[in-house]
Amino acid sequence: VAIGSAGWAVDRVWAALAVGLGVNALADGLYGAATLQGHDWLFAWAEPLWPISMLITAAAAWQPRRYVIGGFEGMPALIVPGVASLVSLSLLVYGALPGTDVPLSVTIAATAALIVAGIRSMLTFRENLSLLTTSRTEALTDTLTGLGNRRALMLELDARLRRGRESEPSTLVFFDLDGFKGYNDAFGHSAGDALLVRLSQRLLNAMDQGATAFRPGGDEFCLVLNGILGRGDGAIERCASALSEVGDGFEVGVSFGIVVLPEEADDPVRAMNLVDERMYDDKGDRRMTARRQARDLLLQLLHEREPELEHHVGAVAAIAVSTGRHLGLGDEELDEIARGAELHDLGKVAIPDSILHKPGPLDENEWTLMYQHTVVGERILAAVPTLQPVARLVRASHERWDGGGYPDGIVGEAIPLGARIIALCDAFDAMVSARPYSDAMPVADAIKELRACAGAQFDPAVVAAFVEAFEAGALSHPAFETA
């Protein structure tokens, strides 16, 4: 029993003890049989076995001990009550045989052992069942929000699709938060997690009876509802509103796609792919109606003030997006980089013409004012909630990897990655474009200059990605057409 409960870890100590106790049990058995049946020759066999068992048991203390971590877990937890039950049952059966006389105390002890073993087995079963239920729940639950996770969602879709032809159809809605990345960047991941918890509780409160909510991951939520529903339906609009929040310095909205099951998709994977496509279509439309309109207005303001910047900012945006894509950035980040590149000179609308178009070098006071144009650009963009993530990139678009940039002099990865990409692409465009004060540099020389400045002015990883994209023909710039 002891060996089994220790996980069957048998060393020389346990082996010696087991043999010693076995010999002792044999001696006791022979003695008991001799007493009951009156065979004196059995006494002769039993007497030498007792000292032999004592010697073997004592020898166990001289064996080197190998420590093994074990415990009453899993099957070993059943060994003690199981063996006790068998011994007790054997005693009760033996006592019921004709011609045997088992004392009452032994019968009571055996019965009590059976009761205790049964109770212990029931407790073990209940504990294991509770652990199994907990593990299954955790495997299907998002730990942050308490909603079902992606695995639970796929199981729910599979179940509904299997019975969908025979019962009421269902509607799958896939929500994706707009502006959550900017919220995370501005307030930190802890605040972002708290926001997700708040939104998930609002979603649960807004759902119709019979609907089930899930969080597949990140800033994504899914809803499975009974019946056929469409865009504009009250149940869906309430949930979309519940997943939106506006506060001081931020605005989090939601884009979503809808798929009716099983009419539009006959398996869970197809359903998720289709609803994902429709969500991104909606996200593109929303960007056009909010961020794009604000961007167009500000770009027009910049072009009216500085017409020559129109081609410059467009070229910088194009190569910045291609570089970001080569670095593996997602669609939302690339969109922010594009807007940041287009508007990185927006603050120049506040710089006097006498400084902006001065034919000679600027003095110290004029440079101080010029250095503030990124701060002005940030303030203008921060007034538009959908462009606040872009405002951060504009402010840092003239920082240097080595800390020698402006306006904050931040160093290395403390500079937003989008701003590091914009800074490099802005410098490249300036080098390969003709200016009143300088001729256009050949593309090969400009690439060589970027490599030379890697680790000083520019992020080496961004330089490497830019060069790789250029060599792969993934960049588009007017200078390449004349090179």
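Me: Before we count anything, what are the helices and strands here?
Reply: Helices and strands are DSSP runs, numbered from the N terminus. A helix needs at least four residues and a strand at least two.

Me: OK, so how many helices and strands does the chain have?
Reply: The chain has 21 helices and five strands. Keep in mind that this is a predicted model.

Me: What is the mean pLDDT?
Reply: The mean pLDDT is 82. Of the residues, 82% reach 70 or more.

Me: Where does pLDDT stay under 50?
Reply: Over residues 67–72. The model has seven contacts for that stretch beyond four places in sequence. Where pLDDT is low, the predicted coordinates should not be read in detail.

Me: New topic. What share of the chain is buried?
Reply: Of the 483 residues, 40% count as buried. The chain exposes about 25700 Å². Carbon and sulfur atoms supply 59% of that area.

Me: Which residues of α17 are buried?
Reply: Q388, P389, V390, A391, L393 and V394.

Me: Now α8. Which residues are buried there?
Reply: G192, L195, L196, L199, S200, L203 and A206. They cover an arc of only 135° around the axis, so they sit on the same side of α8.

Me: Which exposed residues are on the face turned away from the buried side?
Reply: S190 and N205 of α8.

Me: How far does α8 reach?
Reply: α8 reaches 25 Å from its first C-alpha to its last. That is close to the 26 Å expected for its 18 residues.

Conventions: Residues are numbered from 1 along each chain as its sequence is written. This is a predicted model: local features need pLDDT of at least 70, side-chain atom pairs count only at pLDDT 80 or more; totals for chains, interfaces and linings use all residues. Side-chain values use heavy atoms; hydrogens and water are left out. pLDDT is the predictor's confidence in each residue, from 0 to 100. Contact means heavy atoms within 4.5 Å. Buried means under 20% relative accessible area, exposed over 50%, partly exposed in between (1.4 Å probe, protein chains only). Accessible areas come from the Shrake-Rupley method with a 1.4 Å probe; for residues, only the protein chains shown count as cover. The expected span of a helix is 1.5 Å times one less than its number of residues. The arc is that of the directions from the helix axis to the C-beta atoms.
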